[in-house]
Amino acid sequence: MSQRGASELQGRLRRARRVAVLTGAGVSAESGVPTFRGTEGLWRQHRAEDLATPEAFRRDPKLVWEWYDWRRQLIAKCLPNPAHQAIAALERDAPEFLLITQNVDGLHRKAGSVRLVELHGNLWRVRCVRDERTMENFDVPLRQIPPRCECGAPLRPDVVWFGEALPAEALRRAFDAAESCEVFLVVGTSAVVQPAASLPMIAREHGAYVAEVNLEPTPLTSIAHESHHGKAGEILPRLLGFPSGRPGSDNFEFRNSNFAISPPDPHR
Ligand code: OAD
């Protein structure tokens, strides 16, 4: 973990009325969900233009749906990890709280997060291309590719593709939270995709204390008040002070965690 001086985060969180958290694919990496960038990232093996744009869907809906079906099958087997659990526990303590996620995997909800916005949509929702109606769909694998709405029109994944606008209400809530929070925590995002990447900067400009957890330095590291480098599932529970579950939090448990209660690291 790279961090100069002691972490102020727990004290800041205790005193804060308004807390916001931004997450990216890295928070789900330890659950087995592939990230987008990095050596094993999805965008190393696939071209986003072929799979995650409206043009790609118009050109070849079957190819696009096959890729989403593959991702849904993979994610259906994944469980929330201690990082998701720690964020859900943080929410239960905060008077005003918003989790802003770029992830479409649904693992934050599975971990118990309630006050959240999914900026890039959700893999488990589909949308009719004719009337824009959205509905949940948990079929794994899909029964038909592409799946069809009861009106007969094709359904598309209810996710945001490159070149598309983000859901307006989710975006408004995310910006409001960034502008008004006292603590802004960023976990597992490369912080290169806008507009999500600008939220921590906005929070900092409005006076928030900004903390980051990521495997490696990112463009945010230089603006964060504190930055912790390592696996979110290992760092976050200790950093937030939820090392081994909390009274009253039923689903707060650590699966696949090698975390053990230990004294503060004097080298941090
Ligand atoms: P990226 O794949 O760009 O970045 C993942 C980040 O997580 C990297 O900075 C990694 O260093 C970090 N990371 C990986 N494993 C980690 C771990 N165990 N603990 C902590 N950090 C870890 O994913 P995002 O930033 O989420 O958009 O990407 C943003 C958007 O770009 C995605 O929502 C997606 C993508 O194209 C759309 O599809 C619209």
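Mentor: The largest cavity has a volume of about 130 Å³. A cavity here is a set of points, on a 1 Å grid over the protein atoms alone, where a 1.4 Å probe fits but cannot get out. Points are joined across faces, edges and corners, and the volume is the space filled by probe spheres set on them. A search of the whole structure finds one cavity of 30 Å³ or more.

This is a predicted model: local features need pLDDT of at least 70, side-chain atom pairs count only at pLDDT 80 or more, and totals for chains, interfaces and linings use all residues. Residues are numbered from 1 along each chain as its sequence is written, and side-chain values use heavy atoms, with hydrogens and water left out.

Helix H6 (residues 61-76) gives the largest share of the lining, four residues. Helices are DSSP runs of H or I, at least four residues, numbered from the N terminus.

By type, the lining has nine nonpolar, three polar and two charged residues. Ala, Val, Leu, Ile, Met, Phe, Trp, Tyr, Cys and Pro count as nonpolar; Asp, Glu, Lys and Arg count as charged; the others, Gly among them, are polar.

Domain 1 (9-32 + 79-120 + 166-261) and domain 2 (38-77 + 128-159) each supply at least three lining residues. Their bounds come from an automatic or database domain assignment.

Terms used: On a 1 Å grid over the protein atoms alone, a cavity is a set of points where a 1.4 Å probe fits but cannot get out, and a pocket is an open set with protein on both sides within 12 Å along at least five of seven lines; lining residues have an atom within 4 Å of a point. Helices (H or I, at least four residues) and strands (E, at least two) are DSSP runs, numbered from the N terminus.
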